[in-house]
Amino acid sequence: MRITKLTTYRVPPRWMFLKIETDEGVVGWGEPVLEGRARTVEAAVHELSEYLVGQDPSRINDLWQVMYRAGFYRGGPILMSAIAGIDQALWDIKGKVMGQPVYELLGGLVRDKMKVYSWVGGDRPADIINDIKRLREGGFDTFKMNGTEELGIVDSARKVDEAVARIAEIRAAFGHDIEFGIDFHGRVAAPMAKPLLKALEPYRPLFVEEPVLAEQAEYYPRLAEQTAIPLAAGERMFSRFDFKRVFQAGGIAIVQPDLSHAGGITECFKIAGMAEAHDVAFAPHCPLGPVALASCLAVDFVSHNAVLQEQSMGIHYNKGAELLDFVKNKDDFRIEDGYINPLRKPGLGVEIDEERVIEASKNAPDWRNPVWRHADGSVAEW
Ligand SMILES: [Mg+2]
């Protein structure tokens, strides 16, 4: 079997699908995208296609190494997102050829169902209590929300108090019937992470995500020494080599590689194994579409340390399309009591509605995150 063609479709809300075709008619789907930089990743996918067309799609490990190493320059969000989506599509092809779901090819299920959580609130969290009430009726009991709005490197106690008051309200409303993580989203610098974590600790969040930016990772062990809240990070780390440094330094309790940004299934399966060896939990980042989610689940279901799966149904970014809009087998994605079942169809287990993808790609928006500024006019982290 040979790879014959790679086709990319940018679609709303901010995703990109990749279709890899073969000379035997088997087709695989991937989701190579970096939110806000879809066209850049698209160009990278088509450059990498030179290594793929004419090759045997079953040799995923070799093709991965060629894409990673053969171009001399490697790593980073663009190239690793391009490799990620290609890798997903190759696994999809392999599963379809073998007539097995990808998790079977990776050794089989380690759990029966996977815990998933839902985002609540938006960029500027306001009406979170009603969001949680509505989602609980839909079967969710675990949530994630943004922790703060713009925050200066050193900022006022009032902003800390506002952030903490919101969390206190949620605990007061629901007690410990729900669990939630708080995403600092890289908005918090090291000097403010310390007081914020301290003030949030009594409310026992499940975790705090990106307590500081990945480029400030040397603060993770220092912050972890000072708080009992498990710290999470990893959506802006792109390979085993990035994660290696974090595991060596310690401090992170949960790693969150993104299956569409960190080299795909091949790489994230290895990152999960590295995490297990360090007693670190695995909770893939996934505010993206159905192929990205299916790829996460393929690794979650074979990784003993996988604890929690993000998914984008109802997320504030999904303007113009929802997770299941491009999926034919919607029932397979049903969430019950906060869990999702393995996707049992061969390959990644997603039947893509190709006509819908093609139609949607005709009007794909160029999604961008907002540019935030502090009161003095300087750029703020979003
Ligand atoms: Mg995050």
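**Close-up views of a predicted model**

**View 1. Surroundings of E235.** Leaving aside residues up to four places away in sequence, E235 touches Q256, D258 and H285, where contact requires C-beta atoms, placed from the backbone, to lie within 7 Å. The model is predicted: local features need pLDDT of at least 70, side-chain atom pairs count only at pLDDT 80 or more, and totals for chains, interfaces and linings use all residues. Residues are numbered from 1 along each chain as its sequence is written. E235 lies in the loop between β8 (231-233) and α9 (240-249); helices (H or I, at least four residues) and strands (E, at least two) are DSSP runs, numbered from the N terminus. E235 counts as buried because 24 C-beta neighbours fall inside 10 Å, the criterion being 20 or more other C-beta atoms within 10 Å of its own.

**View 2. Surroundings of D183.** D183 belongs to strand β6 (residues 179-183). D183 is buried because 22 other C-beta atoms lie within 10 Å. Residues up to four places away in sequence aside, D183 touches K144, M145, N146, G147, E209 and E210.

**View 3. Packing of helices α1 and α3.** Helix α1 (residues 38-48) packs against helix α3 (residues 76-98) at an angle of about 65 degrees, the axes being 9 Å apart. Axes are lines fitted to C-alpha atoms over the stretch in contact, and angles run from 0 to 180 degrees between N-to-C directions. T40, V41, A44, V45 and L48 of α1 meet I78, L79, S81, A82, G85 and I86 of α3.

Key: Two residues are in contact if their C-beta atoms, placed from the backbone, lie within 7 Å. A residue is buried if 20 or more other C-beta atoms lie within 10 Å of its own, exposed if 12 or fewer, and partly exposed in between; C-beta atoms are placed from the backbone.
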